[in-house]
Amino acid sequence: MYPNILRHPGPTPIPKKVELAMAQNMISHRTEEFVKLYRDTTERVKTVFGTKQDILLLPSGGTAALEAAVVNTVSPGDEVVVITVGAFGDYFVSICEKYGLTVHKLAKSWGEACTKEDLIDFLKPLSSVKAVFATYNETSTGILNPISELAEVVRNHSDALFIVDGVSCIGGAPAEMDEWGIDILVTGSQKAMMLPPGLALLAVSERAWKVIEANSTTAYYLNLLSYRDWASKGMTPNTPAISLIMGLSAVCDLIEEEGGFSKTIERHEVMKNMVRESMKALSFGLLTNDQYASPTITAICAPEGLDLPAYLGHLKKKYHLDFAGGLGHLQGKIFRFGHMGYCFPSDILQAVSLMEAGLQDFGYQFEPGAGVNAAQKVFLSSLRK
Ligand code: PLP
């Protein structure tokens, strides 16, 4: 009877307007109707990516688009750099290794960001790197890498392409792909884009298209040249996720209704600060510092003496509040509070209030209301701006 309060870093809640859009009658992808939907929708999504390039839509999870970014741009034996600050950076390493690339791994500790100084030093001895891969928002730790600065370093210190996994933040974080000099930017539908899983979105720079044209890729289903050819006709090479594209069109409406994408980004900033201040007020630790904190997900450390797995299980069972646990070595030590997409300051107040209820059940010593008050203070001050 009670709805699950899904505060995961994806999948995330779906707005009713998007659900209704996805419930429309099916259409064929080889009709004028589809061409209009495709052209209109992909045009509007460009603001979210900060690009004038075509937005390509793959009927897949984010991983397939990451794989497409790899297999279309580089060939076995090529040297690449992969920046990894957590589980999803490591994931990008695995994709590159699977394709037989020579991977130079720039790894930072989980909870830290990769700075431009880190990348400058790392690139110095490397002269023939074809591509640098990075995760914009590391979902396992809640780090938002300073991606515009890293893009500038790649431009100034190498001839490599800069390929970015934006799966867990595009739609909730600033992105100026063209201005920053990102060559391929990838995201998935099920996170800040407010859709169910199953649609990947990506855009490719002029520079990267030249590399892709010259590269003898072995990809068939993930062949980006084929996607580009069909996009010029307002279509996709094979059957697309039509219902999800209908939903994406409604997502664009919602962003416009909010007052434009800059307002959506502001909302995510406010929610980030509400979560961070409330956790500090409850004496919970934060895995990342404020400087590189993600606007879409916060990794929170259990305070001394609190049995975290039991507490999370209790929140889910008694209050229907569903957080994600830690990944890898952080399993059992942290939990991840997703605040992206169809999530509002009122949802943060609800979640923090239920967290406090759970803490009282556990006999945890704290000042009741401290977390909610701190979150509310951030919220109210954002309204006064
Ligand atoms: N990259 C990041 C940063 C992610 O958070 C995820 C999923 O959580 C992925 C890639 C993989 O995306 P998908 O599960 O849609 O294939």
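This is a predicted model: local features need pLDDT of at least 70, side-chain atom pairs count only at pLDDT 80 or more; totals for chains, interfaces and linings use all residues.
Residues are numbered from 1 along each chain as its sequence is written, and side-chain values use heavy atoms, with hydrogens and water left out.

**View 1. Helices α3 and α4 cross each other.** The axes of α3 (residues 62-73) and α4 (residues 87-98) come within 10 Å and cross at roughly 50°, and the two helices are therefore oblique to each other. Helices (H or I, at least four residues) and strands (E, at least two) are DSSP runs numbered from the N terminus, while axes are lines fitted to C-alpha atoms, for helices over the stretch in contact, with angles running from 0 to 180 degrees between N-to-C directions. The crossing of α3 past α4 is right-handed, a term used when the near helix is turned clockwise from the far one by less than a right angle, anticlockwise being left-handed. On the α3 side T63, L66, E67 and V70 take part, meeting Y91, F92, I95 and C96 of α4 (contact means heavy atoms within 4.5 Å). These residues divide into 6 nonpolar, 1 polar and 1 charged, where Ala, Val, Leu, Ile, Met, Phe, Trp, Tyr, Cys and Pro count as nonpolar, Asp, Glu, Lys and Arg as charged, and the others, Gly among them, as polar.

**View 2. Helices α2 and α10 meet in a left-handed crossing.** The axes of α2 (residues 32-49) and α10 (residues 242-257) come within 9 Å and cross at roughly 45°, which makes α2 oblique to α10. Among the α2 residues in this contact are F34, L37 and R44, and the α10 residues include I242, M246 and D253. By class, the contact has 10 nonpolar, 2 polar and 3 charged residues.

**View 3. An open sheet of 5 strands has mixed pairing.** The strands follow the order β1-β13-β14-β12-β11, and two strands pair if DSSP finds at least two bridges between them. The edge strands, each pairing on one side only, are β1 (5-7) and β11 (285-286). Strand β11 runs antiparallel to β12 (residues 297-301), to which 2 bridges join it, and G285 stands opposite C301 in β12. Helix α11 (residues 261-281) lies across β11, β12 and β14 (334-338), running at about 10° to β12.

Note on methods. Angles under 35 degrees count as roughly parallel, over 145 as roughly antiparallel, 65 to 115 as roughly perpendicular and the rest as oblique.
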